Amino acid sequence: MKQLTKKIILIFIIALVHLGVCKTVVAIGLAGTSGNAFNGEMSVWVKIMIWITKVLYFPIISLSLYSRQWFPGKLIFIPMFTNSLLWAVVIYFAGRCLSKILKL
């Protein structure tokens with residue numbers, strides 16, 4: 001039971017870190033685009049931030065058909081945290097598989 005609790009806590013920590021990285025990358029991207037709002041071309045760094053955002057929000061981007069009215073205001077963190085939780089589970093199990101392969 002203690003092992004399961006440690007695994008769940010680790011998955012939640014990974015999810016929170018992923019959520020923090022997502023919010024930080026979006027803030028950096030918005031700052032870059034708002035600073036160059038009147039220029040015709042985006043800088044390379046802004047393009048990189050947009051690409052990173054697309055990767056980090058991957059499953060949730062495919063769910064773009066849901067209504068934004070379902071999650072008004074701060075409730076948008078429900079699908080965002082769900083996305084981060086999905087990423088955390090994948091990262092955790094990929095790390096476990098990788099560690100088992102490397103021990104062979």
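## Confidence of the model

Among the elements of the protein chain, helix α3, spanning residues 58–61, has the lowest mean pLDDT, at 72, whereas α4 has the highest, at 90. These values belong to a predicted model. Averaged over the protein chain, the pLDDT is 83, and 88% of the residues score at least 70.

## Overall architecture

The protein chain contains 4 helices and 0 strands. Followed along the sequence, the order of elements is α-α-α-α. Helix α1 covers residues 2–35, and helix α4 covers residues 77–103.

The chain has 104 residues, of which 22% count as buried. Among contacts in the protein chain with a separation of 6 or more, 71% are between residues 24 or more positions apart.

## Aromatic pairs

A search of the whole structure finds 2 aromatic pairs. In one of them, the ring centres of phenylalanine 12 and phenylalanine 81 lie 6.0 Å apart and the ring planes meet at 20°, so the pair is stacked. This pair links distant parts of the chain, since phenylalanine 12 belongs to helix α1 and phenylalanine 81 to helix α4, 69 residues apart. Phenylalanine 12 has a relative accessible area of 38% and is therefore partly exposed. Phenylalanine 81, at 23% relative accessibility, also counts as partly exposed.

Phenylalanine 93 reaches 47% relative accessibility and so counts as partly exposed.

Met1, Leu4, Ile8 and Phe12 make a nonpolar surface patch of about 450 Å². Two of its members can be described further. Isoleucine 8 lies in helix α1 and is partly exposed, with a relative accessible area of 40%. Phenylalanine 12, also in helix α1, is partly exposed at 38%; the ring of this residue is stacked with that of phenylalanine 81.

Leaving aside residues up to four places away in sequence, asparagine 83 touches His18, Leu56, Tyr57, Pro59 and Ile60. Two of these residues, Pro59 and Ile60, fall within the range of helix α3, residues 58–61.

## Isoleucine 91 and isoleucine 11

Helix α4 also holds isoleucine 91. This residue is partly exposed, with a relative accessible area of 39%. Which separation is found between the C-alpha atoms of isoleucine 91 and isoleucine 11? The two atoms are separated by 8.5 Å, although the residues are 80 residues apart along the chain.

Notes:
Residues are numbered from 1 along each chain as its sequence is written. This is a predicted model: local features need pLDDT of at least 70, side-chain atom pairs count only at pLDDT 80 or more; totals for chains, interfaces and linings use all residues. Side-chain values use heavy atoms; hydrogens and water are left out. Helices (H or I, at least four residues) and strands (E, at least two) are DSSP runs, numbered from the N terminus. Buried means under 20% relative accessible area, exposed over 50%, partly exposed in between (1.4 Å probe, protein chains only). Contact means heavy atoms within 4.5 Å. Rings of Phe, Tyr and Trp (its six-membered ring) pair if their centres lie within 6.5 Å; planes under 30 degrees apart count as stacked, over 60 as edge-to-face and the rest as tilted. Patches are made of residues with over 30% relative accessible area and no salt bridge: like charges are joined within 9 Å, nonpolar side chains (Val, Leu, Ile, Met, Phe, Trp, Tyr) within 5 Å. Accessible areas come from the Shrake-Rupley method with a 1.4 Å probe; for residues, only the protein chains shown count as cover. A salt bridge is a side-chain nitrogen of Lys or Arg within 4 Å of a carboxyl oxygen of Asp or Glu. pLDDT is the predictor's confidence in each residue, from 0 to 100.
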